[in-house]
Amino acid sequence: MGQNDVMEVSGENGDGPWTTRNEKIFIQLMDEEVKSNKSGETGTFTREAWKRIRSELIRLTGYSYTKEQVINKYNALRMLFNKLHCSHPDCSGVSGSRSIGEVGIGPLTAGMKECQALLNTMDDLDEDSYNKVLEKLHGDVLWRQMFMDMPEKRRIAWIKKL
């Protein structure tokens, strides 16, 4: 999927041009909001936080998302993540780090070190594939979490398609 390909998460039409790039920006903005502790104390985003996120999203993407589009995308991402993550037998629903997991997207705890440690156990992985995985996982907590939660067979198939 290219950087500007449209990725339909909610399954509904009319929720704005949520390209992969714009979606990634949105997730990063939410993560930064939590990490800055502007909203982290309550475990939810305040009205001011939503305004900051939306304003910065509009500035960075050039698309004038409505408040409803932003909230709907947040809810769609939260449901998707919970569906993907909590179908895993080890899903506890508890996050050990301060990230968007604490404001309702789910337990996002996979760090780059954990992913790299797992990659290092894959002896048959060539350098090119290894580097492609690192590029994909760098800076994207959702991909890291999904990578860690994938069964080994599917993880290998995913890597081969990169």
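Is R59 buried or exposed? In this predicted model, R59 has a relative accessibility of 58% and therefore counts as exposed, since the cut-off for that class is over 50%. The side chain of R59 takes part in a salt bridge with that of E56, with a distance of 2.5 Å from N to O. E56 counts as partly exposed because its relative accessibility is 25%. Both residues belong to helix α2, and because they are 3 residues apart, about one helical turn separates them.

The pair of E56 and R59 is one of the salt bridges in the structure; a search of the whole model finds 4. Another joins R52 to E33, where the closest N and O atoms are 2.6 Å apart. Here the partners come from two helices: R52 lies in helix α2 and E33 in helix α1, so the bridge ties together parts that are 19 residues apart in sequence. R52, at 33% relative accessibility, counts as partly exposed, whereas E33, at 6%, counts as buried.

A further salt bridge is formed by the side chains of E23 and K73, at 3.5 Å from N to O. This pair links distant parts of the chain, with E23 in helix α1 and K73 in helix α3, 50 residues apart. Buried means under 20% relative accessible area. E23 counts as buried because its relative accessibility is 7%, and K73 counts as buried because its value is 1%.

The structure holds 6 aromatic pairs. One of them is formed by W18 and Y65, whose rings are stacked, with 4.1 Å from centre to centre and 25° between the planes. W18 lies in the segment before α1 (20-35), while Y65 lies in the loop between α2 (47-61) and α3 (67-85); the pair thus links distant parts of the chain, 47 residues apart. Both W18 and Y65 are buried. These two residues also belong to a cluster, in which ring pairs link W18, F26, Y63 and Y65.

The ring of F147 has a contact of another kind. The charged end of R155 sits over this ring, at 5.4 Å from its centre.

Helix α7 (residues 152-161) supplies the largest share of the lining, 5 residues. Sorted by class, the lining comprises 6 charged, 5 nonpolar and 2 polar residues.

Finally, the position of M148 was considered. M148 is found in helix α6, which covers residues 141-149. In sequence, M148 and G111 are 37 residues apart. In space, the C-alpha atoms of M148 and G111 are 9.4 Å apart.

Notes: Residues are numbered from 1 along each chain as its sequence is written. This is a predicted model: local features need pLDDT of at least 70, side-chain atom pairs count only at pLDDT 80 or more; totals for chains, interfaces and linings use all residues. Side-chain values use heavy atoms; hydrogens and water are left out. Rings of Phe, Tyr and Trp (its six-membered ring) pair if their centres lie within 6.5 Å; planes under 30 degrees apart count as stacked, over 60 as edge-to-face and the rest as tilted. Helices (H or I, at least four residues) and strands (E, at least two) are DSSP runs, numbered from the N terminus. Buried means under 20% relative accessible area, exposed over 50%, partly exposed in between (1.4 Å probe, protein chains only). A charge sits over a ring if NZ of Lys or CZ of Arg is within 6 Å of the ring centre and within 35 degrees of the ring normal. Ala, Val, Leu, Ile, Met, Phe, Trp, Tyr, Cys and Pro count as nonpolar, Asp, Glu, Lys and Arg as charged, and the others, Gly among them, as polar.
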